[in-house]
Amino acid sequence: MFVITVRLCAGVLSTLLLLLSGSLASPPNFVLLFADDLGFGDLGSFGHPTSATPNLDRLAAAGLRFTDFYCTSAVCSPSRASLLTGRYQTRSGIYPGVLYPGSRGGLPLNETTIAEVLKPLGYATAAIGKWHLGFGANGTFLPTNQGFDHYLGIPYSHDMGPCKNLTCFPPDVKCYGWCDVGTVFVPLMHDDAIEQQPVDFLNLERSYSDFAVNFITTSANKKQPFFLYYPAHHTHYPQFAGPDAAGKSLRGPFGDSLLELDNTIGNLLETLEKTGVINNTLVFFTADNGPELMRMSRGGNSGLLKCGKGTTYEGGMREPAVAFWQGTIKPGVTHELASTLDILPTITKLAGAKLPPVMLDGVDLTEVLINNGKSERESMMFYPTDPSEQYGLFALRLGKYKAHFYTRGAAHSATTPDHDCPGSARLKAFDPPLIFDLEADPSENYPLNVTESPEVQAVLEQIKKAKQQFESSMVFGASQIGKGSDPNLEPCCSPQCSPKPSCCRCS
């Protein structure tokens, strides 16, 4: 079992400055872990009583835990686009909703990813897991065309193909639910080639773990800096797990899925230790959006936060996040405002790379990470899953205050007792907006009285100014998802077979 040992340096800041100036021989490595549909309340380190996440809990204990960390969208594709580019999804065109197996569009190739920022400095780069930023004609939008040397994974969500008769748990427990029908079976891709179709869920996570361990080991042996991006399938529906995790948690299928992810993270940390690079590696963990509450106990938990996936309430977009860098980041908790948007600028700074010459929405978190200092981020913008210039922002957080200009539920957040969460909660406009003090009321239960409080009125004016400034700077990119889908673009290991899509099978 991997055990984190904390060896703090007295001169942490000076060490960092030496690193940034190029005075140290080895630039830092980066491991970016991105869970799927994970709620703010799903980890043991964030309060869940029965989650089995020993490795993530140790990572949180030895690292910096964020309490106010946000994604940019309450669904998968746009959230991933923002993480990798440091830009709101509206700029890159990854809206409305998500990309599908036959989507014509994807993350535009002229967008600069974290991997592309690091490649000029000689970094080895690899991605494993759920890409979900487009497949396209002949794999146009795959990671290997977006700065990654290597890729092993499913190019979209693993429920985007028939799963009724597939095995999700040993020995032969079928996947729960139907998933998508009328499309090809979900493929496992190695770089730009299909290795398996349909994917073997029982051995998928082990394949990812082995691939990542080999990548880290090879890079370390070559003394080559590396960037590993692991967007996991866990804990998205339908949950799955192999024999090392199945039946081993107290939370049922969801808990087993989460435990399997945790096991892989433990393997990665152990490899960093064994190869001697753990003191020179930043490990960052967070998730793409809130829990899919419509799945009930199979859908995750947003803790004390309101609603979940698909909504602009806190439960849809505030995520657990942990930064770990042994000997450099002090263990602790930060209440500073931060976002997935900030990962690219932060990695760029730490690596000594150049920022992309485009409008970025992220800020550098170095001061927060290294000195547990103040964040440069003052605000966070909340777009719905179908953003438009007509409606603009649905909500905005400025400091500890959050204003809702519009609210709307989502089918993803159905089944909860809160009537604001399900899809039946239609669009509502608020003028003046609903304002909440998230430090006193993180559950967004008690809107502040705007008319009777001069202090809240002053805050409202500041929020309106921030909203106006941001929206005036926002240039919506052409919608990639709006380009539609073509069944002929769906990945098939036997392109000439018939009848499609059921004939697309290989092992």
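Trainee: Which hand does the link of Cys-163 and Cys-179 have, right or left?
Mentor: Right-handed, with 80° about the S-S bond. This is a predicted model: local features need pLDDT of at least 70, side-chain atom pairs count only at pLDDT 80 or more, and totals for chains, interfaces and linings use all residues. Side-chain values use heavy atoms, without hydrogens and water, and residues are numbered from 1 along each chain as its sequence is written.

Trainee: How many disulfides does the structure hold?
Mentor: Five, a disulfide being a pair of cysteine sulfur atoms within 2.5 Å. Another one joins Cys-307 to Cys-421, S to S 2.1 Å. The torsion there is about -85°, so that disulfide is left-handed.

Trainee: Is Cys-307 buried or exposed?
Mentor: Buried, with a relative accessible area of 4%; buried means under 20%, exposed over 50%, partly exposed in between (1.4 Å probe, protein chains only).

Trainee: Now voids. How many cavities of 30 Å³ or more are there?
Mentor: Two. On a 1 Å grid over the protein atoms alone, a cavity is a set of points where a 1.4 Å probe fits but cannot get out; lining residues have an atom within 4 Å of a point. Volume is the space filled by probe spheres set on the points, which are joined across faces, edges and corners.

Trainee: What is the volume of the second largest cavity?
Mentor: About 40 Å³. Its lining includes Pro-384, Phe-394 and Arg-408.

Technical notes
1 Å grid on protein atoms, 1.4 Å probe; cavity = no way out; pocket = protein on both sides within 12 Å on 5 of 7 lines; lining within 4 Å.
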